[in-house]
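Thanks for making the time. I have one structure to go through this morning, and I will take it piece by piece. Let me put it up.

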Amino acid sequence: MPRIPADEILIAGQWRRGEGELVETVDPADGTVLAALHTASERQVDEAARAAARAAADPAWRDLLPHERARLLHRIGDLVEEAAEELAALQTADTGKTLAETRALAHSAAGTFRYTAAALETAEEALTPSRGPYVSLSLHEPIGVVAAINPWNSPVASDAQKLAPALAAGNAVVLKPAQWTPLVSLALGRLISAALAERGLPAALVSVLPGGGSTIGAALARHPLVGRIGFTGGTRTGRELAEVAARKLVPASLELGGKSPTIVTADADLEAALAGVMFGVFSSSGQSCVAGSRLFVARELYDEFLGALVERVRALRVGPGTDPATQVAPLVHHQHRAFVADWVRLAREEGGRVLCGGSAPAGEPYDRGAYYLPTVIDGLPPTARVCQEEIFGPVLVAFPYDDEDDLVRQANGTVYGLACGIWTRDPLAAWRLARRVEAGTVWINTYKQFSIATPFGGWKDSGLGTEKGREAIRAYQRRKSVYWGTSENPLPWAS
């Protein structure tokens, strides 16, 4: 069992008890209560934001040169890597994910800090073309206080993707993790606090404020000192935060929901496609914004492919994340399992055929956990609610398609546009589909491969703006233009 943090949260650089409600975080594998934690209060949000503004303006941070900020990020990356096993075990206990996945997420977080440090070291300002007797420059400066609001499905990696560029840009950050999974975010906050202390930097540069429901996130986003909002989560909440940002006239990046299509053409490598389709939707127990939750198969291949797929899905190993043999771990919370089960119930009511799964597994070790069997459904029209709305669980809906135009119409026939997978041997078809499908990320003959160097974001209702890539740092800064006159008589009214 990993070391569970005490009932303390990180407020303006200090570890102390929150003033909000007492919430329990539960191991979804067996229902064990891991910790009872007092969440932050709105008063503590105000305290953290005000302290963050002072820290961002402190000369010790404000005047720190970019390469020195990069050294801080490298140090955080080292600390995360050194603590990777502890962070992985803590995240598996809190989220239910397999240890293989949480280890990868912890090392990904370390890599994010290191990549961002390298990008910061090599970032350049622009000397713009002069059109008169002056030198003109385009500079980037910090925004000040950043609100980072993250979901429960991959906290340590999501936290790093906001914290690293925001700190690299010279800001202070108030991080709000999800109520169900605060533990690894608090552990990450402890590591960052240690790195700040080593270098004598303001402790209030990072706060970690867990909160129940949307109250704390909303209070943080509305705070007058918060100059930028970074959010990953559901589309409804994203719209609300976008409205807050619009009223305040501050920038926001929103990585939201998805209902991503996976395409299998008639000439695809079937073995690779079968493995890819299963991994794309059932890894992470389907709790991924990019889950390939809609399957489109060429009609002439549909029955054969679906039959083979269902046979293999039934053989997937469901179990606790601590078991190395597990392929499909429990869902994050018993409440979320009930939510997923309601969607499958609706699919049956709408006339869908549940070809496998469709229920919670019975018996030990499943009875006390939040398990749900990987599920494949067909027989529904693409317009059915189950085929349109994000379920965020191990549920796949399947459809045949007749030709490329029919496929593109169906694949683009949702409000979402986050990701897409294409399985084909035809490079020209792959290219055409990759360009025609409305999605921010397209995988060809692979799925769920990520690089911190490659921008990530969604189209349509799947989001606004991007994360990752070299430009991530600039997204947390403001542009300033400077004109430096070079003429002895720069103005027409000069005497």
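Predicted model: local features only at pLDDT ≥ 70, side-chain atom pairs only at ≥ 80, totals over all residues.

I will start with a charged pair: Arg-436 and Glu-404 form a salt bridge, and their closest N and O atoms are 3.1 Å apart.

Are the two partners buried, partly exposed or exposed? Arg-436 has 34% relative accessibility, so it counts as partly exposed. Glu-404 comes out at 21%, which also puts it in the partly exposed class, because buried means under 20%.

Elsewhere, salt bridges with shared partners connect Arg-16, Glu-19, Arg-43 and Glu-47 into one network.

How many salt bridges are there in the count? The total comes to 26. Another of them pairs Arg-312 with Glu-271, with 2.8 Å between the closest N and O atoms. Here too the pair links distant parts of the chain: Arg-312 belongs to helix 11, residues 299-314, Glu-271 belongs to helix 10, and they are 41 residues apart. Arg-312 is partly exposed at 31% relative accessibility, and Glu-271 is partly exposed with a relative accessible area of 48%.

One more pair for the list is Glu-389 with Arg-385, where the closest N and O atoms are 3.0 Å apart. Glu-389 is partly exposed at 31%, and Arg-385 is partly exposed at 43%.

Now to a histidine. His-140 is found in strand 6, residues 134-142. Is His-140 buried or exposed? Its relative accessibility is 15%, so His-140 counts as buried.

What does the side chain of His-140 touch through polar atoms? There is a polar contact of 2.8 Å between the side chains of His-140 and Glu-125. The His-140 side chain also makes a polar contact of 3.3 Å with the side chain of Arg-479. If we leave out neighbours within four places in sequence, the contacts of His-140 are Glu-125, Arg-474, Gln-477, Arg-478 and Arg-479.

His-140 comes up again in the second largest pocket. That pocket holds about 260 Å³ of space. It has 16 lining residues, and those nearest its centre are Pro-66, Arg-69, Glu-125, His-140 and Gln-477. Helix 3, residues 66-82, and strand 6 each contribute at least two residues to this lining. Which element gives the most? Strand 6 does, with three residues. Sorted by class, the lining of this pocket has seven nonpolar, two polar and seven charged residues.

Rolling a probe the size of a water molecule over the atoms shows where empty space is left. Searching the whole structure turns up four cavities of 30 Å³ or more.

The largest cavity contains about 80 Å³ of space. Its lining is made of 13 residues, with Ala-291, Ser-293, Glu-390, Ile-391 and Phe-392 nearest the centre. By class, the lining of the largest cavity splits into six nonpolar, five polar and two charged residues.

The second largest cavity contains about 60 Å³. Among the residues that line it are Thr-112, Tyr-115, Gln-161, Pro-165, Ile-452 and Lys-468. Helix 5, residues 99-121, and helix 6, residues 155-168, are the elements that give two or more residues to this lining. Helix 5 gives the most, with four residues. The classes here are six nonpolar, four polar and one charged.

The last stop is a serine. Ser-285 lies in the loop between helix 10, residues 270-282, and strand 13, residues 294-298. At 2% relative accessibility, Ser-285 counts as buried. Setting aside neighbours within four places in sequence, Ser-285 is in contact with Val-328, Ala-329, Pro-330, Leu-331, Gly-393 and Pro-394.

That is the tour. I can go back to any of these sites.

How values were computed. Residues numbered from 1 in each chain as written. Heavy atoms only, no water. 1 Å grid on protein atoms, 1.4 Å probe; cavity = no way out; pocket = protein on both sides within 12 Å on 5 of 7 lines; lining within 4 Å. Points joined across faces, edges and corners; volume = space filled by probe spheres on them. Nonpolar A, V, L, I, M, F, W, Y, C, P; charged D, E, K, R; others polar. Buried < 20%, exposed > 50% of the residue type's maximum accessible area, 1.4 Å probe, protein only. Polar contact = N/O pair within 3.5 Å; in protein donor to acceptor, adjacent residues only side chain to side chain. Contact = heavy atoms within 4.5 Å. Salt bridge = Lys/Arg side-chain N within 4 Å of Asp/Glu carboxyl O.
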